[in-house]
Amino acid sequence: MTFFRLQFQKRRGAILLHVLIFLVIISILLAGMAQLMVSDYSIVKVENDYSNSLVVAEAGINYELRKISTNSATADQKQGTGPAGTSYTTAAGTFQVYVTQRNPDGTEPTPWVPGKNLWIYSTGGVNNLTRSVKVAAVAYTNTPTANYAVFGVSEGLMNGSATTVNGDVGTNGFFNFNGHPTVTGNVTFNGAGSNWQSPPNGSYTVVHNANAVNWPTVETIAVNTFGAQGLSYVAAHNDNALASPAIPTTGQNANMVLINGNGNQTFAGKAGGANYYLTSLTCNGNSKIVFDNTNGPINIWFGPSGTSSTFVFNGGAAAVKSTPASPNAVRIYLATTNDVILNGNSELDAGVYNINNAATGRVIFNGTPNIIGAVFSNKFTFNGNPTVSAVQGYFSPTGSVLYYGCVPPWFEVGGVN
Amino acid sequence: MKNGFSGRRRSGLSYVEVLVASAICVLCMSIMIQLWSFSVLLTVQTTDNAVACDLARQTVEALKETGFTQTPEAPTSAPLVHYFDIGTHNLDSTPTAARYKVATTVVSDYTIPASNPVLPAGNALRTVTTTVTLVSTGVTLTTLTTYLSREGI
């Protein structure tokens with residue numbers, strides 16, 4: 001009896017104790033599991049929000065693209081103070097967006113100038129999580145694809161029948177072909193009202209385009225090449241000393257070339273491009289211009305913009321021919337207002353660009369030069385019997401901006417990956 | 001006598017003890033079952049949310065890949081609908097076996113007049129809305145909205 005009593009006393013409360021211990025263990029396990037589940041739920045929710053924030057940010061990019069494509073003047077420019085961009089709450093969520101210019105040197109000035117390359121920044125968020133993206137964009141234009149040998153912005157006159165143009169002839173104004181010049185390509189009229197001034201003597205392949213071709217002015221090209229100072233910059237920083245004989249940059253004859261008799265003036269190229277600046281150039285007698293572009297391209301700039309000057313040109317054969325425009329091509333830009341006279345009977349391997357405003361500037365072809373390149377001018381007149389053969393790649397029209405679209409690259413700004 | 005009385009008391013206590021232990025056990029087990037049930041439900045919800053988000057992103061990216069012009073217009077009255085299982089496998093052929101329904105609308109604010117099928121105008125902003133629901137209950141798990149523009153991202 002004593003034994004059983006002792007056994008019973010030992011077991012007293014054991015069941016309760018064992019149950020409690022069992023329950024505590026199971027509770028701890030279950031609580032841990034529940035905590036894990038809740039934690040997992042929270043993590044998935046945050047991951048979903050993080051993922052969706054990127055979609056919202058990308059929606060902001062497309063929203064801004066459509067906005068500036070509709071009216072580039074309404075672009076959300078980067079603000080100097082306060083929030084950098086403009087905040088929009090849309091069906092796609094809330095995002096903040098702004099644009100900056102995208103320069104080739106990596107700088108991002110503001111404000112962005114419509115027509116130029118740009119960056120679009122957008123920050124989108126879901127439930128206090130935000131992600132930012134930065135996307136490159138460009139203007140898509142209706143750049144014409146014609147193979148112009150000669151283009152007269154406002155008019156073109158061709159006198160004589162022995163003139164030959166190998167390529168297209170174009171204008172935004174009118175043409176008057178006296179005689180019967182040969183044009184192997186198209187005669188292209190661009191824009192409303194552009195047409196023959198009087199019917200031609202022969203038949204040509206005529207193309208009428210609805211929109212005029214927009215050519216940048218020489219000053220604009222200079223600004224794009226040298227920065228905001230444009231021609232003034234190249235007037236002060238040029239390669240006139242590379243010419244043979246060297247062209248003075250100071251004194252009474254600064255930036256002027258006058259050659260007589262049988263003399264030559266040689267313009268030499270250099271790697272990256274030699275830029276010459278002239279205020280006048282006159283070739284008298286049998287004198288002529290020679291281009292030594294063996295070492296690089298040659299650009300000759302005539303200025304100042306809008307002033308009167310003299311440009312009478314003979315010769316112009318280049319050491320390196322351009323078919324198509326080679327990396328060492330020769331380009332002549334005239335921002336002055338007087339007529340440009342191309343004389344002589346020899347070869348000219350160059351592109352001549354004489355567009356500053358439609359009211360002034362005419363290129364007059366005399367003699368029988370063989371011009372291999374492109375001649376784009378406000379106006380042109382063919383006298384004599386020149387041959388002009390188109391070489392593509394010398395000059396590009398501005399084109400009209402149709403819309404803006406994304407191009408690589410694409411970045412996430414401050415991303416975790 | 002004293003000892004006999006004590007023995008009876010001890011004997012009765014063991015029954016009470018078992019009863020109390022059983023009661024605690026039942027109470028705790030019911031709580032644990034609820035906790036377990038909650039955990040299972042939470043796990044299912046977590047999985048559903050994760051899969052729904054993946055399906056929505058997958059749908060939006062697929063539309064972006066199709067492109068601004070090639071993506072067909074899909075108004076609210078006739079959304080693009082696809083069915084998926086929990087492994088994001090397409091079950092359009094057997095929608096009753098699917099767990100998720102993905103309905104996508106694509107609405108352009110400008111369209112080419114008289115185009116058939118309807119085509120977006122070049123200057124359109126196309127709103128893409130993807131909604132993922134549970135086939136069994138019709139509960140909406142996630143909705144993702146974004147924009148498409150010409151030559152956009």
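In the predicted model, I120 of chain A has V135(A) as its bridge partner, and this partner lies in β4(A).

The pairing of β3 and β4 belongs to an open sheet of five strands in chain A, arranged in the order β1-β2-β3-β4-β27 with antiparallel pairing. Two strands of chain A, β1 (86-90) and β27 (401-413), form the edges of the sheet, since each of them pairs on one side only. On average, and with direction ignored, neighbouring strands of the sheet are turned by 30 degrees against each other.

A helix accompanies this sheet. Helix α2 of chain A, residues 14-70, lies across β1, β2 (93-101), β3, β4 and β27 of chain A. Relative to β3(A), helix α2 runs at about 140 degrees.

The model also contains a contact between chains A and B, to which chain A contributes 40 residues and chain B contributes 36 residues. On the side of chain B that touches chain A, α1 (2-66) and β4 (140-148) of chain B each supply at least two residues. The largest share of this side comes from α1(B), with 22 residues. When the residues on the side of chain B that touches chain A are sorted by class, 19 are nonpolar, 12 are polar and five are charged.

How values were computed. Residues numbered from 1 in each chain as written. Chains lettered and ligands numbered in written order. Predicted model: local features only at pLDDT ≥ 70, side-chain atom pairs only at ≥ 80, totals over all residues. Contact = placed C-beta atoms within 7 Å. Helix = DSSP H or I, 4+ residues; strand = E, 2+ residues; numbered from the N terminus. Nonpolar A, V, L, I, M, F, W, Y, C, P; charged D, E, K, R; others polar. Pairing = 2+ DSSP bridges. Axes fitted to C-alpha atoms, helices over the stretch in contact; angles between N-to-C directions.
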